[in-house]
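This briefing is intended for a reader who wishes to examine the model alongside its sequence. It covers helix packing, aromatic contacts, a pocket and selected individual residues.

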Amino acid sequence: MKKIKQPSVAGTFYTNNASELKKQIESFAKENKNNYDYSTRAVIVPHAGLIYSGRLAYEGISQLDKNIKNLFIFAPAHKVGFDGLALTSFDAWQTPLGEIEVNQKINLELKDKFNAQFIDQALEYEHSIEIQVPLIQSVFENINIIPILIGKEGYNIIEQIIEFYYPDKTNGFIISSDLSHFLTDEKAKQIDIVTAKMIESGNLNEFQYQQACGAIGIAGLVTFANKHNYSMIRIDMENSSSTTGDKSNVVGYGCWFLYEGQTNEFLKKYYSKSIIDLCKVAIKAQFEKNDTQIKYPQVFNQVGASFVTLEKNNNLRGCIGSIIAHRSLILDLVMNAKSSAFNDPRFTPIKKDEIEQLKIAVSILSEPKQMNFTDENDLLNQMRPNVDGIIIKDGNNQAVYLPSVWEQLPDKKEFLNTLKIKAGLSPDYFSKTFEAYRFETVYIKEN
């Protein structure tokens, strides 16, 4: 006989009226702010009541590949304490929208391979998984779920489970987690931005459990992403004050999806035109009063470093940029576009009648990595023409070349010597304190 779990938080965390629930979820679809043209197989989504974080959770779940047949849901335990991972023995879960099947074959594998346990009482009144189920039912017509509740456990086991099941493209993964809890709006935003930067950079060295209730699941997915050189792309962030209006005591919500590549590659593939247009608007704003608000997806709010280059009649007309990412990409692009047009000390400021003659190119930089070398020949041997941007520094002397400079200076020795001159050093200069860093860029050029 089929064993069906009845809903535990219908009527509290979401309505138990099927018609009202459908209408609510339909409203989430209409409010979708970030319709990314990419199908993922892993997301981080919040798990508060649907009136608070349902829109964000829906946007994340709707980003999942519609060919997924088995959806793992990793969520933190709030009600019952236990060691390890808890599974459900029920064959299906019921919500006001109907039944959804549980893949018990995978559950048995998780028990055998990863020491997970069947602990129904831990999941009985737990909202962090159930709140996702009606959203899953509204997005997928035919899918099985694998609810996994996380007790006292390290993040490595989550990464190992994702690693084991990810090669099968019919498997998908939800990390259920809210962010900061019960702080003022101002403080919550400060902490949640730090958390976002950690997730998006892949650097979790300082990640604290209190930053997110689903921290273990988040760390597991981010570790998996790091291992495969994948990235986490922001869908949206907000907190409960956007619904309640109460800024004194809020819960933070964030939503991300896994991209099988680097964030800068994602930006180039899907938003090259938007990036060029943004730089144009920033330059034109110096001459024109324009109150038009251009909407950009949340990935533009991730920290990024860029160089904006202006050409006129195939000649350089300005180039300013950031070597180290220290602000949102959208702000970096705007500020560097303006600086290239009006503050490059090598050129007079752009005039209004020149704007239409300008061609814009943008380089978005990866994080610089220090190079280790024994002498100048060793450094030259490590340099990769047409790939590496190079930063050199010694004391107060510093200079940078973008990878595009290789087109004019294809010889490694000449490349390095002219870079030394740019830094205020002699071409034959070298010392024990000489430092070099390499970075890569994605290059976007106006047609």
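A residue is called buried when its relative accessible area is under 20%, and exposed when that area is over 50%. The model discussed here is predicted. By the cut-off for burial, helix α7 (residues 156-165) has as its buried residues Ile157, Ile158, Glu159, Ile161, Ile162 and Tyr165.

**Packing of helix α7**

- The buried residues of α7 pack against the strands β3 (70-76), β4 (85-87), β8 (144-150) and β9 (171-176).
- These buried residues of α7 also pack against the helices α3 and α9.

**Aromatic pairs and charges over rings**

- The structure contains 28 aromatic pairs.
- In one of them, the ring centres of Tyr166 and Phe173 are 6.1 Å apart and the ring planes meet at 20°, so this pair is stacked.
- Tyr166 and Phe173 are both buried.
- The rings of Tyr296 and Phe300 have centres 5.0 Å apart and planes at 45°, so this pair is tilted.
- Tyr296 counts as buried because its relative accessibility is 18%, and Phe300 counts as buried because its relative accessibility is 0%.
- One aromatic cluster is formed by Tyr36, Tyr38, Phe257, Tyr259, Phe266, Tyr270, Tyr271, Tyr296 and Phe300.
- Arg41 is placed over the face of Tyr166, at 3.8 Å from the ring centre.
- Lys5 is placed over the face of Trp93, at 4.7 Å from the ring centre.

**The largest pocket**

- The largest pocket holds about 1,300 Å³ of space.
- Its lining comprises 44 residues, and those that lie nearest the pocket centre are Glu200, Ser201, Gln262, Ser366 and Glu367.
- The helices α8 (185-201), α9 (215-227) and α11 (263-284) each supply at least two residues of the lining of the largest pocket.
- The strands β11 (231-239), β15 (358-365), β19 (435-439) and β20 (441-445) likewise each supply at least two residues of that lining.
- Which helix gives the most to the lining of the largest pocket? The answer is α8, with six residues.

**Asn103**

- Asn103 is located in the loop between β6 (98-102) and α3 (104-114).
- With a relative accessible area of 14%, Asn103 is buried.
- A polar contact of 2.8 Å links the side chain of Asn103 to the side chain of Asn70.
- When neighbours within four places in sequence are left aside, Asn103 is in contact with Asn70, Asn144, Ile145 and Ile146.

**Tyr209**

- Tyr209 is located in the loop between α8 and α9.
- Is Tyr209 buried or exposed? Tyr209 is exposed, because its relative accessible area is 58%.
- With neighbours within four places in sequence left aside, Tyr209 is in contact with Ala215 and Ile216.
- Tyr209 and Phe347 are 138 residues apart along the chain, and their C-alpha atoms are separated by 51 Å.

**Positive phi values**

- Most residues other than glycine have a negative phi.
- Phe182, although not a glycine, has a positive phi of about 60°.
- Phe182 belongs to strand β10 (residues 181-183), and counts as exposed at 57% relative accessibility.
- Asn229, also a residue other than glycine, has a positive phi near 60°.
- Asn229 is found in the loop between α9 and β11.

Methods:
Residues are numbered from 1 along each chain as its sequence is written. This is a predicted model: local features need pLDDT of at least 70, side-chain atom pairs count only at pLDDT 80 or more; totals for chains, interfaces and linings use all residues. Side-chain values use heavy atoms; hydrogens and water are left out. Rings of Phe, Tyr and Trp (its six-membered ring) pair if their centres lie within 6.5 Å; planes under 30 degrees apart count as stacked, over 60 as edge-to-face and the rest as tilted. Buried means under 20% relative accessible area, exposed over 50%, partly exposed in between (1.4 Å probe, protein chains only). A charge sits over a ring if NZ of Lys or CZ of Arg is within 6 Å of the ring centre and within 35 degrees of the ring normal. Helices (H or I, at least four residues) and strands (E, at least two) are DSSP runs, numbered from the N terminus. A polar contact is a pair of N or O atoms within 3.5 Å; within protein, one must be able to donate a hydrogen and the other to accept it, and residues adjacent in sequence count only if both atoms are side-chain atoms. Contact means heavy atoms within 4.5 Å. On a 1 Å grid over the protein atoms alone, a cavity is a set of points where a 1.4 Å probe fits but cannot get out, and a pocket is an open set with protein on both sides within 12 Å along at least five of seven lines; lining residues have an atom within 4 Å of a point. Grid points are joined across faces, edges and corners, and a volume is the space filled by probe spheres set on the points.
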